[in-house]
Amino acid sequence: MEANRKWLSLPEDFRKKLIANVRCSNCDDIVRITDFIVVNHPVGVMLDGKCRNCGNKVVRVVEDV
Ligand SMILES: [Zn+2]
């Protein structure tokens with residue numbers, strides 16, 4: 001699982017910051033992503049999950065490391 005390995009190769013502090021800084025269009029705010037999976041993306045990897053506040057689908061692209 002290549003995408004997941006890339007994600008886990010990032011420092012834990014950095015990953016925590018990314019998880020807590022995801023834009024939710026429904027909340028119109030920066031939220032924490034939850035229940036996410038890590039998938040490949042043309043520029044790196046993408047977190048594909050849900051907004052912790054409202055459950056809306058949110059994604060966060062992480063550029064290649
Ligand atoms: Zn939300």
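This is a predicted model: local features need pLDDT of at least 70, side-chain atom pairs count only at pLDDT 80 or more; totals for chains, interfaces and linings use all residues.
Residues are numbered from 1 along each chain as its sequence is written.

**Overall dimensions**
- The chain has 65 residues and a radius of gyration of 11 Å, which agrees with the value near 11 Å for a compact globule; the radius is taken over C-alpha atoms, and the globule rule is 2.2 Å times the number of residues to the power 0.38.
- Along the principal axes, the C-alpha atoms fill a box of roughly 30 × 20 × 20 Å.
- Of the contacts in the chain with a separation of 6 or more, 36% are accounted for by residues 24 or more positions apart, a contact being a pair of residues whose C-beta atoms, placed from the backbone, lie within 7 Å.

- Three strands form an open sheet in the order 3-4-5 with antiparallel pairing, two strands being paired if DSSP finds at least two bridges between them.
- Strand 3 (33-41) and strand 5 (57-63) stand at the edges with a single partner strand each, so one side of each is left without a neighbour in the sheet.
- Neighbouring strands of this sheet are turned by 25 degrees against each other on average, direction ignored, with axes that are lines fitted to C-alpha atoms (for helices over the stretch in contact) and angles that run from 0 to 180 degrees between N-to-C directions.

**Strand pairs and hairpins**
- Strand 3 is joined to strand 4 (residues 44-51) by seven bridges; in this pair His-41 stands opposite Gly-44, and Ile-33 stands opposite Cys-51.
- Two residues lie between strand 3 and strand 4 in the hairpin that they form.
- Strand 4 is also joined to strand 5 by seven bridges, again antiparallel, and Met-46 has Val-61 of strand 5 as its bridge partner.
- The hairpin of strand 4 and strand 5 has five residues between the strands, and Gly-55 in the turn has a positive phi of about 85 degrees.

**Nonpolar core and burial**
- The largest nonpolar core consists of seven residues, Val-22, Cys-24, Val-31, Ile-33, Leu-47, Cys-51 and Val-58, such a core being a set of buried Ala, Val, Leu, Ile, Met, Phe, Trp, Tyr and Cys residues joined through C-beta atoms within 7 Å.
- At least two residues of this core are supplied by each of strand 1 (22-24) and strand 4.
- Leaving aside neighbours within four places in sequence, Val-31 is in contact with Val-22, Cys-24, Cys-51, Arg-52, Asn-53 and Val-58.
- In the chain, 14% of the 65 residues count as buried, that is, 20 or more other C-beta atoms lie within 10 Å of their own, whereas exposed residues have 12 or fewer and partly exposed ones fall in between, with C-beta atoms placed from the backbone.
- Gly-55 counts as exposed because it has 12 C-beta neighbours inside 10 Å, and its C-alpha atom is separated by 23 Å from that of Trp-7, 48 residues apart along the chain.

Methods
Helices (H or I, at least four residues) and strands (E, at least two) are DSSP runs, numbered from the N terminus. Two residues are in contact if their C-beta atoms, placed from the backbone, lie within 7 Å.
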